[in-house]
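Trainee: I would like to go through this structure with you. Could we begin at the surface and then work inwards?

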Amino acid sequence: MKTNKYPFYFIAVGLISLLLGLLCGLLAGFQYVLPDFIKEALPFTVLRPLHTLFVVSWILLSAIGGIYYYIKKANQNLVKWHFWLFILTGIGISLSYLTKNFEGKEYLEFPSYFYFPIALGWILFGVNYFRTMIPHFKNWPAYYWMWGTGIVFMIYHFTEAHLWMLPYFRNNYIQNISMQWKAGGSYVGSWNMLVYGTALYVMSKISNDETCATSKKAFFFYLLGLTNLMFGWAHHIYIIPNAPWIRYFAYSISMTEWIVIISIINDWKKSLSKEKKIHFSLAYRLMIVADIWVFLNLLLALLLSIPSINLFTHGTHITVAHSMGTTIGINTLILLSSIAYILETEKILDKLSQIRINVGIKIFNYSFLLFWCILLLMGAKKSYWTYFRQDISFSQFQDSLHWIYILFTLFGIGILVGLYCIVFEFLKGLKSISKNNIEM
C-alpha cells in the first residue's frame, strides 16, 4: 500500500499551531503587565486574533489528522489537496492579521474571501470521509456518526457565520449579531463532535472493547451533543432582545452539557485492565486529566447558563475561563491523548521521552488550574466594578489588578513550559515515523 504521511503532517502542523497560539497568548499576557511591550510591532489587537487562529487551527488540524489516520483507506490525493489548501489559507490569514487587515467578524476577523478555500477544504474532507465510510454505514459506532456530523455541520455553520456578507443580514443589527453568535456557538459544537468522537475512538481502541462507542449510553451522548450543537448556542445571546422562548429553551439545553461523557469516561476507566493502562500510559493519563476538566467546566457552564448569573459574567474573564477550560482543558488534552495513542501504537516513544512528557503534564496541570482560577477572580472583580463601583475609573480599576496580571502571566508561562515539553517530544515522535517510512 502506498505510504501516506499526510495525517502526520496535519498533526505536526497542528502541534506547531498550538506552540504559536501559546506564544501569542503569552505575549498578549505580557501586555497586561507592560502595556507598551512590543506594542508597535504586535499590538494586542493583532495578538488576540493570531492567538485565536492558531489555537483553533491546533484543534481542527490535529482532529482532522487523527481521523485520517484512524480511517486508513481515505483517498490520499484528496488528503494531500486538503492539507495544502488549509496550509496556504492559514498562511494567508496570518499575513492578513500581521498587516492589520481585519474585515471579518469576531473570532473570524480575516477577510471574507478566505471563506471559499476553507469551505472547499471541509467539502473535500466530507467527500473523502463519506466515500470511505459509507460501505460500513449500518455498523457505525457512535464515533463515526460524530465525525460525520461534525464535518457536515462545520460546513453549514461556517457558511452561516459568513451570512453577514449578504445585505439582508448586514443591514439588520439585531439579526446580524444574533446570527454571528448563533454560528459561533454551533461552530464550536461542530468541532466538539470531531474531538469527542476522537475521545470515544481512542477509549474503544485502548480497551479493545467497542461497548463504550456502541452502547445506548454512547448514542444518547451523541444525540445530546447534537442537540447542544443545534440549540445550545442561544445562551450566548441572553442580552440580545430575542423571543423569550429562545432563552428558556437554551437554558434547559445547557443544563445537559457534558454530563454523559463524564459517565462514559468513568465506565471506560473502570473497565481497563492494569496492562492496558501501562501499555497506553500517556494516552490514558491525558484522557483522565481531560475528564477532570470536563467536570470543572461543566460546573462553570451550568452557572453561566443561568440568566441572572450570565448578566454579571458576560464579557468578563469568567467567559474566557469557560472557553479556556474547553479548548485547553478538554479539547487539547483529548487531542494530546489521541496523539499519544498513535505514538504508543507505533511504539515510537522511548523511556526518556515518556519521562519528559510526564514532567510536562505535571507542570501543565498545576499551572493551568491556577491560571483558570485567576481568570475567574479577574472576571469576578470586573463584574463587581461594572455594577457596584461606578465611583472608580477604568484606569484605577486596571491599576488595582496589576499583581493579579503578574500572576496571570506567570501561570501562563507555566502552561507554555508544560505543553512545550509535551509537544516537542510528540513532534520528535512524528518525525521518527516519517523517517521510518511507516506504511498506512
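This is a predicted model: local features need pLDDT of at least 70, side-chain atom pairs count only at pLDDT 80 or more; totals for chains, interfaces and linings use all residues.

Trainee: Where is leucine 88 found?

Mentor: Leucine 88 is in helix 3, which covers residues 76-98.

Trainee: Is leucine 88 buried or exposed?

Mentor: Leucine 88 counts as exposed, because its relative accessibility is 57% and the cut-off for exposed is over 50%. As background, an α-helix has 3.6 residues a turn, so residues three or four places apart point the same way.

Trainee: What does the secondary structure come to?

Mentor: The protein chain has 18 helices and zero strands. Of its 440 residues, 55% count as buried.

Trainee: What is leucine 15 in contact with, leaving aside its neighbours within four places in sequence?

Mentor: Leucine 15 is in contact with Trp58, Leu336, Ile339, Val423, Phe426, Leu427 and Leu430. For the protein chain, residues 24 or more positions apart account for 81% of the contacts with a separation of 6 or more.

Trainee: Changing topic: how many salt bridges does the structure hold?

Mentor: The structure holds four salt bridges. In general, side chains of opposite charge can pair when their charged atoms come close.

Trainee: Which residue forms a salt bridge with arginine 48?

Mentor: Glutamate 109 does, with the closest N and O atoms 3.9 Å apart. The pair links distant parts of the chain, since arginine 48 is in helix 2 and glutamate 109 is in the loop between helix 3 and helix 4, 61 residues apart. Arginine 48 is partly exposed at 31% relative accessibility, whereas glutamate 109 is buried at 12%.

Trainee: What about glutamate 425 and arginine 356? What do their side chains meet in?

Mentor: They meet in a salt bridge, at 3.4 Å from N to O. Glutamate 425 lies in helix 18 (residues 402-436) and arginine 356 in helix 16 (residues 351-388), so the pair ties together parts that are 69 residues apart in sequence. Glutamate 425 is buried, with a relative accessible area of 6%, while arginine 356 is partly exposed at 37%.

Trainee: Which residues are linked in a network of salt bridges?

Mentor: Arg356, Glu425 and Lys428 are linked in such a network.

Trainee: One last point, on the backbone. What is phi of isoleucine 38 near?

Mentor: Phi of isoleucine 38 is near 40 degrees, a positive value in a residue other than glycine. Isoleucine 38 sits in the loop between helix 1 (6-33) and helix 2 (44-71).

Methods
Residues are numbered from 1 along each chain as its sequence is written. Side-chain values use heavy atoms; hydrogens and water are left out. Helices (H or I, at least four residues) and strands (E, at least two) are DSSP runs, numbered from the N terminus. Buried means under 20% relative accessible area, exposed over 50%, partly exposed in between (1.4 Å probe, protein chains only). Contact means heavy atoms within 4.5 Å.
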